[in-house]
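Dear colleague,

I am passing on to you a structure that I have been reading through, and I would be glad if you kept it open beside this message. My notes on what was found follow directly below it.

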Amino acid sequence: MSKQRIGLVIKNEDHAQNKALELIRHLGDRCLVIDAQSQTPPPIPEDLICIVVLGGDGTFLSVARYIGDSDIPLMGIKFGEVGFLAETTEDLLFKAVEAVFKGEYFIQERSRLNIRVVRNSKCVMDEDVLNDAVINKAALSRLASCAVYLDDTYLTTYRADGLIVATPTGSTAYSLAAGGPVVYPEVPSIILTPICPFTLTNRPLIIPDHTRVEISLKGSPEDMILTLDGQEGFDMDTCDRIYIEKSRHNVRMISFEAHSYFKVLKTRLHWSGGRS
């Protein structure tokens, strides 16, 4: 059996690249650089303990999409910018990597959403997201009208600049900026957050994660775009129906503290007061 290694995915940015070179010199053949963001990314080697992501949340999300339904753990390394997916800071990188080789870490399971688009009775898109799916207009001056059904029961038609459907992990991304709630990752839920709703009584809604969300476009649905994890855009058609439900495949994230989420949350949101 070959020696176990870690995979490295590195953001195309000088600081991350330089730090990665230091780590590669330190680890030698115990690490493997993976070009996960290329047009044809390589398969995941079977001998990898985990994949270390050196970059921001955007890089982490792209790697989560790269691993697909694999259960390989991911460890995010933060490089100064605001982010919620990277728990470990760059100054602790070497210590964290050595702890991984020793097996001294926790695994946090993060749920994903499965997004399917059905057009004329044919599935034209089937993807998983870690953060969110966003429906909005390409022309920002016009409202989007999204009729929402929960387990085949009509909920409402959101008239807004757009609609965000997020996981608990994604509650601190675009949904938070749009006025949505912060939801602890272990709370089994799906968050619906309208973006600047025309009707002020349309508020963010948290539903159980066993609910199937169905969305159809109403009114004049030209130039509607479905965006997955803020990275992949999909042009919508007038007859499209979007089906969203909890994915069968979680993302496994490496952590070194049992309650690290609250520490990351307080740091990223600059909460203060009380005891440290």
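I begin with helix H2, in which Thr-59, Phe-60, Leu-61, Ser-62, Val-63, Ala-64, Tyr-66 and Ile-67 are buried. Please keep in mind throughout that this is a predicted model. H2 runs over residues 57–67 and is mostly covered, since 8 of its 11 residues are buried. What do these residues pack against? The buried residues of H2 pack against the strands S1, S3, S4 and S19. After the helix comes Gly-68, which has a positive phi, near 60 degrees.

Helix H3, made of residues 93–102, has its own set of buried residues, namely Leu-93, Ala-96, Val-97, Ala-99 and Val-100. If you look down the axis of H3, these buried residues fall within an arc of 160 degrees, and they therefore line one face of the helix. On the other side of H3 you will find Lys-95 and Lys-102, which are exposed. The buried residues of H3 pack against several elements, among them helix H1 (14–27), strand S5 (88–89) and strand S4. H3 is followed by Gly-103, and the phi of this glycine is positive, near 80 degrees.

Is Lys-78 buried or exposed? Lys-78 has a relative accessible area of 15%, and because buried means under 20%, Lys-78 counts as buried. Setting aside neighbours within four places in sequence, the residues in contact with Lys-78 are Ala-86, Thr-88, Thr-89, Glu-90 and Arg-268.

Asp-229 is not a glycine, and yet it has a positive phi of about 55 degrees; Asp-229 sits in the loop between strand S16 (224–228) and strand S17 (232–235). With a relative accessible area of 5%, Asp-229 is buried. His-270 is likewise not a glycine and has a positive phi of about 55 degrees, and His-270 is found in the segment after helix H5, which covers residues 260–269. His-270 counts as exposed, because its relative accessibility is 64% and exposed means over 50%.

Let me finish with the chain as a whole. How many helices and strands does the chain have? The secondary structure comes to 5 helices and 19 strands. For 276 residues, a compact globule would have a radius of gyration near 19 Å, and the chain has 20 Å, which agrees. The C-alpha trace spans about 60 × 50 × 35 Å along its principal axes. Of the 276 residues in the chain, 48% are buried. Among contacts between residues at least 6 apart in sequence, 69% join residues that are at least 24 apart.

As for the surface, the chain exposes about 13700 Å², and carbon and sulfur atoms supply 50% of this area. The chain carries 29 positive and 36 negative side chains, and the centres of these two sets lie 4 Å apart.

With kind regards

Methods
Residues numbered from 1 in each chain as written. Predicted model: local features only at pLDDT ≥ 70, side-chain atom pairs only at ≥ 80, totals over all residues. Heavy atoms only, no water. Buried < 20%, exposed > 50% of the residue type's maximum accessible area, 1.4 Å probe, protein only. Contact = heavy atoms within 4.5 Å. Helix = DSSP H or I, 4+ residues; strand = E, 2+ residues; numbered from the N terminus. Rg over C-alpha atoms; globule rule 2.2 N^0.38 Å. Areas by Shrake-Rupley, 256 points an atom, 1.4 Å probe, with all protein chains shown as cover. Lys, Arg positive; Asp, Glu negative; His and termini not counted. Charge placed at Lys NZ, Arg CZ, Asp CG, Glu CD. Arc of directions from axis to C-beta.
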